Structure formats: structure tokens, C-alpha cells
Amino acid sequence: MARGWAWIAVAFAASLPGMTARASGVHLGEAPAALTFGAAILAGAFLLTWAAEVAEMDISQGLALAFLALVAVLPEYAVDLYFAWVAARDPQYAAYATANMTGANRLLIGIAWPLIVVLYWARDRRSELEMPSNRSVELVFLSLATVYSFLLPLKRTISLLDTLAFTGLFAAYMWRIARAAIEEPELIGPARVLAQLRPPLRRTCVAAFFLYSAAVILLSAEPFAEALIQTGRAVGVDEFLVVQWLAPLASEAPEIVIACIFTLKGDAQAGIGAMVSSKVNQWTLLVGTLPLVYSVSLGSPGALHLDARQVEEILLTSAQSLFGVAVLANLKLSLLEAAGLFLLFATQLVLPDPHVRYGFSAAYLFLALITIARRRQELRTFFHAGLFAPLRNQRAPS
């Protein structure tokens, strides 16, 4: 129990320098600012995650699903939506919004999914992780969002029409999983010590955690994003790449860490399920929100226009997503398949040439089509299960 409170204290302490710098307006310099505000976002994300887990004890199932799904993705959205907001005044920020969005999505499939399988193998010496049938819901809506996403590089915009499509898919996904009873999650670490408090004190602490962590994340998003861009320019590194990979690492870390802990404690299904749910949230709600925020900032309906690099990045992300869905069509992820997902992701990082990366998109598409052809029956089964079959108990999406 003491260790749980110690981690809470560490998270609060890590957020204080960023909040202090923000309140005082002191200039920290590019790299120190990136580290300070990045640490604040990471700390806020952990606090938010712990509070969201405990909140499931006190709110209704339907509200829990809608509320927690939105709250859990705040760290991922804060920086990206800042870029979309500023893009209305400075068009180059549209590229940063695309960079952050594609980086966050590709990290999940390329690193988080394989990591869960590797930890599962290391703990249980089993080379194939099987998912429960109710995870077909996530895979169905991820499939639909992925198929639609191929329109974005073709039309070279992300518009309010896409907002309707992606947010509509997210709403349908939430409606579908809301029909299942949600089981109380197994709480660990700081979330567990919060859950052991008396109900009035627990609810007060959870509310305080929500308010404080949201303030930390939202107030740190702008200086963190700007510091990343300036740091990239100062050290001669492409700021697009800095935004694409460093910002998502800070925001994704809490979810990935908790999924890994579940896996190491013997609940790998919960770990991989959380990562698949996170992918659905980001590939629907995050993408769909970008043109909405851009239009509000612009003061009129507008669309984020995609240059050649952004087209390449979105195509690559869509192709990877299609391959990921195809691999999970049988509701299993083997060690060999996980290795393939990781190697394809890692190799593309060190080969930034556009022609090579279009080759990776083609490779993903080829492998996806081959896998889909081999698993036609499994695809029919999981589409039927995901859309129509009664759902058993499951955890709320992360």
C-alpha cells in the first residue's frame, strides 16, 4: 500500500516543475522545456489513468464507457488537437497534427501489441495469445475505420465529412459495447490504494485527480509541442519526426505500462484488449476530431489539406492497420506474428525515403490481402460476432 502512495507522490512531484514554469511564464529553453512539460504530461497521464480506473466503481456502466473512453485518451489528444487548432493560422502545423496522429497509431501496432505477446511468452512460455470472442467488436470497428481511412490519402484532405464518418463509427462502437455488462477491473498499484479509501474520500480524491491531471495535460500541451518543434530545429533533426515519435511516447506510456503489468500478473487478455481498444479510439475519435477543432479555430467549415509527406504517412498507417486487423482475424496473436509487426515497424523508422516507405505500404497491403484470403472464414465469423452476437462481460475500453 505504501508503494502505491509513493507512486502517486512521484507523479505529482513530476508534474510540479511544468505547472510552476507555466504559471510563472519563465523561459526554460527548448530542450529543458520539452523535458519539463513532457514529464508533466506523462505524470498527468498516469494520474488520469489511475483515477479513470477507480471511477468505474462509482458510475453507471453506460456512463462509464462513454466517459472513461474519452478521459483515457486525453493525453494522446491534447498535443494533436493543439496542432490542429494552430493550423488554422499557420498551415505548416497541419503536418504536425498528421505526424502526431500517425505516430501514435503506428506505435500501438508496431510496439505495444508485440510487447504484450513477448511478455506473455516470457511469463507463461506460450507462443500464442488468444483473445476472447467479445474482442471481435473492437476488430470490426477497427476494420471499418481502416477501410474508410484509405480515402484520406486519395482525396488529400481530412474534412468535416471525415469527422462525421469517424465519430459515427466511434459512437456505434460505444453503443455496441454498452450492451455488454462491464466487469469491475482488477485494480493494481496506485489505483488499488485509492479504491480502498472510504467512498466519500475516494470520490473526492478521484475528482481531484481528474481536475488536476486534466489541467496539467492541457496547460502543458502547448509549451511541450512548441518545445519539441524548436528542439528539432535546434539540433538539426526533422521536427516532423520529433513530433511523430516523441510526443506519442509520452502520452501512450501509461496505458502501455498498465497493459504490461496486467500481462505480467497473468491477465494478458486484458493487456492486449486494452491496446486494441486504444487503437480503435485513436483511429476513430482522434482522426475525426482534428478537422472539427481546425474548423472551430478557423471560424468556418474547413479541411486539413495533406501534402505529399502526409499522404505517405497516412497511407502507411492505414496499410499497417489493415495488416494488424488481418493478423487478429482469428482472435490470436502469435510470437511470430508479433515479431513481424515489430520488424516491419522498426525497419521503416530507419528507412525514411518516401519510395521505400511506399514500398512498406505495399508490403503491408500484400501481406494483409494474403492473410485475409487465408482467413476468410475467420473474418466472416468475427464480423458476425462483433456486430450481432450477444456480448459477455468485458472491461471498459482504454
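Begin by selecting α10 (199-235), the helix that gives the most to the lining of the second largest pocket, with 5 residues. Helices here are DSSP runs (H or I, at least four residues), numbered from the N terminus. A pocket is an open set of points on a 1 Å grid over the protein atoms alone, where a 1.4 Å probe fits, with protein on both sides within 12 Å along at least five of seven lines, and its lining residues have an atom within 4 Å of a point.

This is a predicted model, in which local features need pLDDT of at least 70 and side-chain atom pairs count only at pLDDT 80 or more, while totals for chains, interfaces and linings use all residues. Residues are numbered from 1 along each chain as its sequence is written, and side-chain values use heavy atoms, with hydrogens and water left out.

Stay with the second largest pocket, which holds about 230 Å³ of space, a volume being the space filled by probe spheres set on the grid points, which are joined across faces, edges and corners. Of its 14 lining residues, select Val 26, His 27, Ala 33, Phe 37 and Pro 223, the closest to its centre. By class, the lining divides into 7 nonpolar, 3 polar and 4 charged residues; Ala, Val, Leu, Ile, Met, Phe, Trp, Tyr, Cys and Pro count as nonpolar, Asp, Glu, Lys and Arg as charged, and the others, Gly among them, as polar.

Next, go to the largest pocket, with a volume of about 420 Å³. Among the 21 residues that line the largest pocket, the closest to its centre are Trp 7, Phe 46, Trp 50, Pro 190 and Ile 261. Here α2 gives the most to the lining, with 6 residues, and the lining as a whole has 16 nonpolar, 1 polar and 4 charged residues.

Now select helix α4 (residues 74-87) together with helix α5 (residues 93-124), which pack at an angle of about 160° with their axes 7 Å apart; axes are lines fitted to C-alpha atoms over the stretch in contact, and angles run from 0 to 180 degrees between N-to-C directions. That angle makes α4 roughly antiparallel to α5, a term for angles over 145 degrees. Their contact (heavy atoms within 4.5 Å) includes Phe 83 of α4 and Tyr 96 of α5.

Finally, keep α4 and return to α10, where the two helices pack at an angle of about 50°, with their axes 9 Å apart. Among the residues that meet are Leu 74 in α4 and Ile 229 in α10.

Notes. Parallel < 35°, antiparallel > 145°, perpendicular 65-115°, else oblique.
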